[in-house]
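Subject: Handover of a structure

Hello,

Here is the structure I said I would pass on. Please open it first and keep it in view while you read the notes below.

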Amino acid sequence: MQDGRFGVNQVAPLVKENCVAVAINGHMLYWLAKTDGADGEFIKANRHPSGGNCFVLTTPSGTKLAGGNGGGGAREALNSGLKNWKLLTDEERKALPPGKEVKPPEAERCTPPPGGLILRSFARNLKKDGGELARITREDLKDRELYPGWAPVYAEPAHFNVWFTEAEWKSLVPAEPRKGVTFPVLDAIQKRLFRYHLVNGTFGLPGTWSREQIRTGTLTLTVEEVAPVVRMRLQGAALLTTDADPVKAQRGYDARLDGRLTYDPQKKAFTRFDVVATGDYWGGDYEGGRFKRPGRTPLGISFELVRDDNAIDRVPPLVHMDREQPYRAYFAAEKLR
Amino acid sequence: MLMFKLKRAAYVLLASSLLIRSIGELHALAPPTPAEGNLNAETFAQIGKQIKPQLGESRWMEVPWFLDLHEAWQKAAAEGKPLFIYSSGGATGIGDC
């Protein structure tokens, strides 16, 4: 999703300097609040009454200092909360919540698969400038016909993660690689990338494509080098549309994919997994087609290996990953060729 | 005379809409620009760079977020800092769960 909404980008330096930041899924708040332990009490004490996109500043032990909601909510929570924080004693600031840790079972599904591979993805709306793809500038956004209702953050990239199981990513490495050999990418990986990750989440929460909406889709790997590392070229295309006739489709993405992958047999791991998808998108956001640009306009999506041991890299790929059905659906085509 | 004018206006409108639709279809089926086709190493790197966050963008990523409440409150207590909790309707705010 577009993570910089609700003024979070603006308050980021303030948060980094003064707070310890935690991001909790709205669904997980619900599950945590139902547990009988420190977490449940903590969440019940700090849940913002309005729900939605909320920000709360609290002590480590769970005494709420301030809260805010929606755009400006982050700033509101910080301004009031930090004032209240200054009134506390050192002891109050360092106290921990009473009670034992109780994690809801739903949290398990929000944990990356063991031995799996995580890719970080960015999706960005682009423009064509003299035949070349270019970033949309704040100056461009002044044209309200081309960018209807756009906030500046919609010209920034949205961030996602992609999860592959151990068996899935290992299927991408040929047992006996030979230069020049081309083979299809595992169907489960193709479908997952097309359905869940070739989407436009730059305006907020992204949708997904159904299996039927994959009108065409191919993804192949070609071995370009076999020693000392295995270098492969990923190439493919996908036409994703809400109607079988692309001209009639309310939403679509006509994407071409290109990638460079490097597998290190010594490390038994991919050391490079860079992929870009580019092509024309149309349809606006997933809540009624808001912010729809006229015609069909470029959308770029990049993928790369996560590098850091950062919580951002462990965020699940889906909003509803805590629920069994979406979790299963994401990994549904798990069987190997 | 009025009927004639109305019919003529209707024909003009119909012809215009057909023309606009044809242009729309042509646009929809237009081939990709060279930048979107087979990318060489240089254009591949260039497009990848264009897509990723630029200096001053996605500043939320500069924050060392926690996803686990326990880890977060332990760290906050140790450093004597308040907890900033970001919760989105269906998402974390920093991603989709």
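What distance separates the centres of domain 1 of chain A and domain 2 of chain A, taken over C-alpha atoms? The separation comes to 32 Å. Please bear in mind that this is a predicted model.

The two domains of chain A

Domain 1 of chain A covers residues 8-109, and domain 2 covers residues 111-330. Where they touch, domain 1 of chain A contributes nine residues and domain 2 of chain A contributes six residues. On the domain 1 side, helix α2 (residues 26-34) of chain A supplies the largest share, which is three residues. Sorted by class, that side of domain 1 of chain A holds three nonpolar, three polar and three charged residues.

The helix α2(A) also has buried residues: Gly26(A), His27(A), Met28(A), Leu29(A) and Leu32(A). The elements that the buried residues of α2(A) pack against are β1 and α3 (38-46) of chain A, along with β1 of chain B.

Chain A as a whole

Chain A has eight helices and 12 strands. Its radius of gyration is 22 Å, close to the 20 Å given by the globule rule for 337 residues, so chain A is as compact as a globular protein of that length. The C-alpha trace of chain A spans about 70 × 50 × 35 Å along its principal axes. Of the 337 residues in chain A, 44% are buried. Among contacts in chain A with a separation of 6 or more, 61% are between residues 24 or more positions apart.

The strand from chain B

Next is strand β1 (residues 83-88) of chain B. Which strands of chain A pair with β1(B)? Strand β1 (residues 20-25) of chain A pairs with β1(B) in the parallel sense, over six bridges. Strand β2 (residues 54-58) of chain A pairs with β1(B) in the antiparallel sense, over five bridges.

Some individual bridges can be found in the model.

Is β1(B) buried or exposed? Six of its six residues are buried, so β1(B) is largely enclosed by the rest of the structure. In a regular strand, side chains alternate between the two faces of the sheet. On one side of β1(B) are Leu83(B), Ile85(B) and Ser87(B), and on the other are Phe84(B), Tyr86(B) and Ser88(B); all of them are buried, and both faces are covered.

Over the two chains, 83 residues of chain A are in contact with 54 residues of chain B. The chain A side of this contact divides into 42 nonpolar, 22 polar and 19 charged residues.

One residue to look up

Asn200(A) sits in the loop between α7 (187-197) and β8 (214-225) of chain A. Why does Asn200(A) count as buried? Asn200(A) has 22 C-beta neighbours inside 10 Å, and the cut-off for a buried residue is 20 or more.

Beyond its neighbours within four places in sequence, Asn200(A) is in contact with Ala123(A), Pro206(A), Tyr281(A) and Leu299(A). Arg124(A) is 76 residues away from Asn200(A) in sequence, but their C-alpha atoms are 7.9 Å apart in space.

Regards

Definitions and conventions
Residues numbered from 1 in each chain as written. Chains lettered and ligands numbered in written order. Predicted model: local features only at pLDDT ≥ 70, side-chain atom pairs only at ≥ 80, totals over all residues. Helix = DSSP H or I, 4+ residues; strand = E, 2+ residues; numbered from the N terminus. Rg over C-alpha atoms; globule rule 2.2 N^0.38 Å. Buried ≥ 20, exposed ≤ 12 C-beta atoms within 10 Å, placed from the backbone. Contact = placed C-beta atoms within 7 Å. Pairing = 2+ DSSP bridges. Nonpolar A, V, L, I, M, F, W, Y, C, P; charged D, E, K, R; others polar. Domains from an automatic or database assignment.
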